[in-house]
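Please consult the sequence and the structure shown below while reading.

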Amino acid sequence: MAGEAEVKFLDGDFRIVRPGAFVRCAVTGVPIPLEELKYWSVDLQEAYSSPEAVLQRLQNEQAR
């Protein structure tokens with residue numbers, strides 16, 4: 001399956017709403033293959049490519 005997936009992020013898991021090969025990092029825009037997806041926010045419903053991207057998002061949220 002090529003293209004971007006639509007995913008519902010749950011606590012400790014995620015559900016694929018629309019099939020695809022990847023999701024995009026909410027901070028960097030980098031495509032993340034679904035089999036490599038490890039970081040996301042249930043509250044913001046966003047995926048992140050790395051722990052650094054998570055930290056950057058948290059810092060941006062706190063600055064608001």
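Arg18 is partly exposed, with a relative accessible area of 42%; here buried means under 20% relative accessible area, exposed over 50%, and partly exposed in between (1.4 Å probe, protein chains only). The model is a predicted one, in which local features need pLDDT of at least 70 and side-chain atom pairs count only at pLDDT 80 or more, while totals for chains, interfaces and linings use all residues. Residues are numbered from 1 along each chain as its sequence is written, and side-chain values use heavy atoms, with hydrogens and water left out.

**Salt bridges**

A salt bridge is defined as a side-chain nitrogen of Lys or Arg within 4 Å of a carboxyl oxygen of Asp or Glu. By this rule the count is three salt bridges, listed in the table.

| Glu4 | Arg24 | 3.6 Å |

The secondary-structure elements named below are DSSP runs numbered from the N terminus: helices (H or I) have at least four residues and strands (E) at least two.

The side chains of Glu4 and Arg24 form a salt bridge. This pair links distant parts of the chain, 20 residues apart: Glu4 belongs to the segment before strand S1 (6-10), and Arg24 to strand S3 (residues 22-24). Glu4 is partly exposed at 34% relative accessible area, and Arg24 is partly exposed at 38%.

Because Glu6 lies in strand S1 and Arg18 in strand S2 (residues 13-18), the pair ties together parts that are 12 residues apart in sequence. Glu6 has a relative accessibility of 37% and counts as partly exposed.

Glu46 counts as buried at 18% relative accessibility, and Arg57 is buried at 13%.

Is Ala53 buried or exposed? Ala53, a residue of helix H1, counts as buried because its relative accessibility is 1%.

Which residues does Ala53 contact, leaving aside its neighbours within four places in sequence? They are Cys25, Val27 and Tyr48, where contact means heavy atoms within 4.5 Å. Thr28 and Ala53 are 25 residues apart in sequence, and their C-alpha atoms are 7.3 Å apart in space.
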